[in-house]
Amino acid sequence: MDIPLPSRAALKAQAKRLRMSLSEAGTPCTHAQALEAVAKQWGARDWNTLHARASEGPRPAYIPGQRINGRYLGHRFAGHIKTASRIGDAQHRLTLRFDHPIDVVTSAQFSNLRSQVNCVVDGMGRSPRKTSDGQPHVVIDDAWAGG
């Protein structure tokens, strides 16, 4: 089983930890030597080859057009991602388009149907914003991610 290649920043951090560990053990190691050692560990000929293979950061987990399933304000939905962009390393800004509108009002006096929402989710598909009872506004099911 192949292990996915980490980002360039993660590989550089790995080299830094290796250099510090070797130095603490009494074996001096330059940063360049640590980078080359990390490259060999990942099966690359040298650091430049590994650097070219590695990405700037994690690959996006959500893409426009991707079918998704989940909950919005506690209501089940199916739909697709209309827009997606990364926010830092751990979050995504999404526009979700529902197959069927969701009534987000609990009152019997009126309704408010939503066909589309903008949200921010983490890598697990959960929004950091929560309802008054502590539930995330948006939860994207794992089973549907990437489908």
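**Helix, rings and pocket**

Author: Helix α1 (residues 8–24) has 17 residues, which at 1.5 Å a residue should span 24 Å, and its end C-alpha atoms are 24 Å apart, which agrees. The expected span is 1.5 Å times one less than the number of residues. Helices (H or I, at least four residues) and strands (E, at least two) are DSSP runs, numbered from the N terminus. This is a predicted model, in which local features need pLDDT of at least 70 and side-chain atom pairs count only at pLDDT 80 or more, while totals for chains, interfaces and linings use all residues. Residues are numbered from 1 along each chain as its sequence is written, and side-chain values use heavy atoms, with hydrogens and water left out.

Reader: Which residues of α1 are buried?

Author: They are R8, L11 and A15, where buried means under 20% relative accessible area, exposed over 50% and partly exposed in between (1.4 Å probe, protein chains only). Seen down the axis of α1, these buried residues fall within an arc of 65 degrees, so they line one face of the helix. The arc is that of the directions from the helix axis to the C-beta atoms.

Reader: And what does the face turned away from the buried side carry?

Author: That face of α1 carries the exposed residues A9, R17 and E24.

Reader: Changing topic, how many aromatic pairs are there in the whole structure?

Author: A search finds two. Rings of Phe, Tyr and Trp (its six-membered ring) pair if their centres lie within 6.5 Å; planes under 30 degrees apart count as stacked, over 60 as edge-to-face and the rest as tilted. The rings of Y72 and F98 have centres 5.8 Å apart and planes at 40 degrees, so this pair is tilted. Y72 lies in strand β1 (residues 67–72) and F98 in strand β3 (residues 91–103), so the pair ties together parts that are 26 residues apart in sequence.

Reader: Is F98 buried or exposed?

Author: F98 counts as buried, at 5% relative accessibility. The rings of F77 and F98 have centres 4.9 Å apart and planes at 50 degrees, so that pair is tilted. Y72, F77 and F98 form one aromatic cluster.

Reader: Which strand gives the most to the lining of the largest pocket?

Author: Strand β4 (residues 113–122) does, with five residues. Y72 is also among the lining residues, as are R114 and H137.

Notes
On a 1 Å grid over the protein atoms alone, a cavity is a set of points where a 1.4 Å probe fits but cannot get out, and a pocket is an open set with protein on both sides within 12 Å along at least five of seven lines; lining residues have an atom within 4 Å of a point.
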